[in-house]
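Trainee: I've got a new structure to look at. Can you walk me through it?

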Amino acid sequence: MKTKIQMIAMIVSLLAPLPALSAAEIVVSDTVAGLGTEINVNGVGATPEAELIVYPPYGAELILPLNDSEVITLAGSETEIAGVYEVEVVTRDETIAQTTFTVLPDTIDVLNSSMQSTSQFIQPDGQDRARVIVILRDQFGNTLASRPIELISSRPSDTVSSLTNETDASGEQQFDITTFEPGTISLRTMDLLSGKLLETTLTLQAGASMGGYPTQQYYPTPSYAPTSYAPVYAPTPYAQPPTPYSSRMVGSVMGRTLYGQLNDFDVVDGFILEVRQELRVNEDATIRITAVDRNGQRVEDYTGMVLLSSTDPTAMLPLEGSVQFMPQNLGEKVLTLGLRFRTPGEHILNVEDSTNPNVNEQVMINVMGDPTSTKPNITITSHKNDSFIGSETITIEGKGPPFVNLIVTGGTKDVQDETDQDGNFAIEISLNPEQTDHTLRVRDESGRSDSGNMHLILDSIPPEIKTITFNPIDPEVDEIVKLEVETDKDVISVIMKLDKEEFELVADTTQSGAFTLSFTAEEEGTNQPIITSIDHAGNETEVRSNFVVKPKSLTQVLNVQAEPKTGSVSLTWDPVTEERVDTYRIYVGENPNDFLYTLDTDRATAAATVAGLTPGKTYYFAVTALQGDRESANKSEVIEVMALGFALSITEQDGTLFVEWGNPAQETPLASYLFEYGVDPDTFTEQRTISGELRAYSLRNLLNDITYYLRLTPVTTTGNVLHDLAAKGSGTPNSSVGGFIPTPANPVPDNVLPTEPSTPTPPPTNLHEGAPALSSEGLPLPVWIAMSIAGVFLLLNWHRRRTLKMTFDFMKQMESQYQRHG
């Protein structure tokens, strides 16, 4: 039953309408301090008792009624505090929409900005220094971060060292002032972004007396968030040195001679805060905190944590403002020299219990204006701030005061060491390998010297070499080679080691991670250089590559000449005389850019004939010189030549061969062609004479599926038969639609019997009696003589007529050519 009730309740909750939070919307834009902004509220409509609540970074919230208005305007006076504002729409104690917007600081105000110094007096020895702190603010007191500042001294002999490149989150930038010249130092500050000078002028005295104040210890000013509108008792965090502040925490029993006797105190109700009522800027003071009950008795078993805060945003509080009471403290904690104010004026020091803020106490302290102390500095020389490191174990080197004990913090554990007589030190520390960012600090045990925070970035991943390219890939001896290497973008150096010699590549300014190098290929053979890339953390990656250096090439062959012949070409060229040549190589091809064949001469000759070419076809030739494995780097000029003669193109048809040919490469005019063909290779049983003007001829009345062999020979107008220009070919007529096709004879039927041979019939005997008798010797001799003489005359007559006809054809051909050219 209980389960059913729960399921019904779940279904009812799902069917219920969604809250108005999903429908309402707040739209507001970021703004600048003092300008105000508009807040657009959508989807609220006529919601009763709807209010808009704005929570600034500090101070009380703003409650604005909506009154059916969708646009609420915040005045400039309501947005003077820089930071993140929260906006909510609330109806009947229910938040239906919320968002945030950011108010940025206004421009720099030279009157509201300030300068401070840790000491008014320094010794002109180049070692004693004063720390100057510049705080940039706008007209509303908001601090300005990330702005570079220049501190300008009135004397060129003074040394101004900037500890940071720009203002931090609290608007501060720190400088150290040292000098060798006694006298007055006047300091002015310029904001580099706006070019404005601060109205404040800070004056220091070099060589003057320090006055009657005791020498105090000094620690660098930390970074703070904007505190112009901070609550009075807001804690001010600061990482204090371990000594002398926290190492001398003394618990006093205040006259109790027997601890453990019957307790006469109640629970803690407040604190007694004992500190000097008047201090000077940068003066270290001792604090005594005593936990007391409502009767003023010390609560000896108090073991809570006490939180310290101050109205001075730059004050140094002991133990980062958090003081833990231990049982042995017996309710009383003494923090020796644990408090330092850095801003003059009246300030409130507040102490409260971390679990119950109502258990508290506060005192008013008057801080007077002149600083009274300086401190020597420790300089780290082995690393720079924000630099990269590639190893988990590093050595911190630097310089500080001589013969002092040092503590290095920020590693896996604190490391102690000391400086030598010259103040030099080298301390090895180990870092957490699982952590990328590390903040290291070097202090002396007395707290008088401090290096300040140094930020290091651990990067132990070696860089990647992506590509290595040699151009040309197979250079010759003494040829310039260009090496191109592509690596990761964080690589700062690439080195090539070749034959115990190192070459540093040059970074490409147009492409990050690209490096180039031009060098001379000196030795013939295979080279295996080692390419090493180094990133900003010092990680290295080595890759072995290789390239082959060829022997130096021979001289180019010049003046190649070609003479075409029937089916061949004769080549000549000028011999190479600068070096010894063993042979020459002839490149042959049907394309000027693609030589399919090469022919090598058998000796160092200057002429050669390339045979076996197709007549009438164009060929391309080039020549190079050879000496062992060496060859001319460049081929000779490419020569274009057409072999003499022509080729037959035969198209096979039904009972026909269609023959085509081109113009013979011959300047002599042709009278005709002698067309011969047969069914056996090189045996031409049929012959025809066709006109010399023809370029195609159809050979008809042929048998299908029989291969015919053809030969076409040109004949000049003078009757010369050009046998060396004859072209041959073959073809087989065929038909797919029928026609006469020779086949084997049909076999003789078995039922056909052979017949007996017949005897010859004797000649008849009944001839006419007057018929003349035939001579048994044949024709008489005179008849043979007469016939021979007649045959000779007929042959001479035929030869004469043929000669006259050829002469007539020649004259006619010449006449037609003259007419065409005319």
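This is a predicted model: local features need pLDDT of at least 70, side-chain atom pairs count only at pLDDT 80 or more; totals for chains, interfaces and linings use all residues.

Trainee: Okay. How many helices and strands does the protein have?

Mentor: Three helices and 59 strands.

Trainee: And what percentage of the residues is buried?

Mentor: Buried residues make up 40% of the 822 in the protein. The exposed surface comes to about 46,400 Å². Carbon and sulfur atoms supply 52% of that area.

Trainee: What about contacts between residues at least 6 apart in sequence?

Mentor: Of those contacts, 63% join residues at least 24 apart.

Trainee: Let's go inside. Which residues touch the most other members in the largest nonpolar core?

Mentor: That core has 27 residues. Phe271, Ile287, Ile289, Val306, Leu339, Leu349 and Ile365 touch the most other members.

Trainee: Which elements give two or more residues to this core?

Mentor: They are β19, β21, β22, β24, β25 and β26. The largest share is four residues, from β21.

Trainee: Pick one core member. What does isoleucine 289 touch?

Mentor: Leave out residues up to four places away in sequence. Then Ile289 touches Phe271, Ile272, Leu273, Val306, Leu308, Phe325, Gly331, Glu332, Lys333 and Val351. There is also a second, separate core of 23 residues. It includes Ile26, Leu64, Ile72 and Phe101.

Trainee: Now single residues. Is threonine 487 buried or exposed?

Mentor: Buried, because its relative accessibility is 2% and the cut-off for buried is under 20%. Thr487 sits in strand β36, residues 480-487.

Trainee: What is threonine 487 in contact with?

Mentor: Skip its neighbours within four places in sequence. That leaves Glu464, Ile465, Lys466, Val494, Gly513, Phe515 and Ser533.

Trainee: Backbone next. What kind of peptide bond joins asparagine 471 and proline 472?

Mentor: A cis one, with omega at about 0 degrees. Pro472 is in the loop between β35 and β36.

Trainee: And what is phi of aspartate 386?

Mentor: Near 65 degrees, which is a positive value in a residue other than glycine. Asp386 lies in the loop between β27 and β28.

Trainee: What about phi of asparagine 701?

Mentor: Near 60 degrees, a positive value again in a residue other than glycine. Asn701 is in the loop between β57 and β58.

Trainee: So is asparagine 701 buried or exposed?

Mentor: Exposed, because its relative accessibility is 78% and the cut-off for exposed is over 50%.

Key: Residues are numbered from 1 along each chain as its sequence is written. Side-chain values use heavy atoms; hydrogens and water are left out. A nonpolar core is a set of buried Ala, Val, Leu, Ile, Met, Phe, Trp, Tyr and Cys residues joined through side-chain atoms within 4.5 Å. Buried means under 20% relative accessible area, exposed over 50%, partly exposed in between (1.4 Å probe, protein chains only). Contact means heavy atoms within 4.5 Å. Accessible areas come from the Shrake-Rupley method with a 1.4 Å probe; for residues, only the protein chains shown count as cover.
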